[in-house]
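Subject: Structure handover

Hello,

Here is the structure we talked about passing on. My notes follow below it.

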Amino acid sequence: MASARHFRTDQNPAQTKQEIEADITNSRRAQRDLQAAGQHRLAETMRAATDEHLDELAELDAGTWTPNHA
């Protein structure tokens, strides 16, 4: 489970990056699927989730990312 990264302090940064990139891909796919199905409100939530994951990736690349709940 990718969101588990927010509870672990000993995870390898490369693994964290892979999880965040997978979340980005999955959120974008869900957004496209929802738009195609006419579920625009739900698609917007997936767009927002993608933005959050992109912010996480930027923090990780900058060396400032930390787990939320660890």
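**Overall build**

The protein has 2 helices and 0 strands. Please keep in mind that this is a predicted model. The C-alpha atoms fill a box of roughly 40 × 20 × 20 Å along the principal axes. There are 70 residues in the protein, and buried ones make up 27% of them. The accessible surface comes to about 4,800 Å². Carbon and sulfur atoms hold 50% of that surface. Among contacts with a separation of 6 or more, 59% are between residues 24 or more positions apart.

**Helix H1**

H1 covers residues 13–36. How far apart should its ends be? At 1.5 Å a residue, its 24 residues should span 34 Å.

Just after H1, Gly38 takes a positive phi of about 80 degrees.

The buried residues of H1 are Thr16, Glu19, Ile20, Asp23, Ile24, Ser27 and Gln31. What covers them? Helix H2, residues 40–62, is included in that cover.

**Along the buried face**

The contacts below leave aside neighbours within four places in sequence.

- Ile24 is in contact with Thr50, His53, Leu54 and Leu57.
- Ser27 touches Met46, Ala49, Thr50 and His53.
- Gln31 is in contact with Ala43, Met46 and Arg47.

Thr50 and His53 are on the lists of both Ile24 and Ser27. Met46 is on the lists of both Ser27 and Gln31.

The C-alpha atoms of Gln31 and Ala49 are separated by 9.5 Å. Those two residues are 18 apart along the chain.

**Nonpolar core**

Which residues make up the largest nonpolar core? They are Ile20, Ile24, Leu57, Leu60 and Trp65, 5 residues in all. H1 and H2 are the elements that give two or more residues to this core.

**Salt bridges**

Side chains of opposite charge can pair when their charged atoms come close. The count here comes to 7 salt bridges. Three of them deserve a line each.

Arg5 and Glu56 meet through their side chains at 2.9 Å, N to O. This pair links distant parts of the chain, 51 residues apart. Arg5 is in the segment before H1, and Glu56 is in helix H2. Buried or exposed? Arg5 is buried, and so is Glu56.

Glu19 and Arg8 meet at 3.3 Å, N to O. Again the pair links distant parts of the chain: Glu19 in helix H1, Arg8 in the segment before H1, 11 residues apart. Glu19 has 14% relative accessibility, so it counts as buried. Arg8 has 29%, so it counts as partly exposed.

Lys17 and Asp61 meet at 3.6 Å, N to O. This bridge runs from helix H1 to helix H2, with the partners 44 residues apart. Lys17 counts as partly exposed because its relative accessibility is 31%. Asp61 is exposed, with a relative accessible area of 52%.

Which residues are joined into one network? Salt bridges that share partners join Arg5, Arg8, Glu19, Asp23 and Glu56. Glu19 and Asp23 are also among the buried residues of H1.

**Where to look**

Start with the buried residues of H1, with H2 included in what covers them. Then go to the core built on Ile20, Ile24, Leu57, Leu60 and Trp65. Finish with the salt-bridge network, which includes Arg5 and Glu56.

Best wishes

How values were computed:
Residues numbered from 1 in each chain as written. Heavy atoms only, no water. Helix = DSSP H or I, 4+ residues; strand = E, 2+ residues; numbered from the N terminus. Contact = heavy atoms within 4.5 Å. Expected span 1.5 Å × (residues − 1). Buried < 20%, exposed > 50% of the residue type's maximum accessible area, 1.4 Å probe, protein only. Core = buried A, V, L, I, M, F, W, Y, C linked by side-chain atoms within 4.5 Å. Areas by Shrake-Rupley, 256 points an atom, 1.4 Å probe, with all protein chains shown as cover. Salt bridge = Lys/Arg side-chain N within 4 Å of Asp/Glu carboxyl O.
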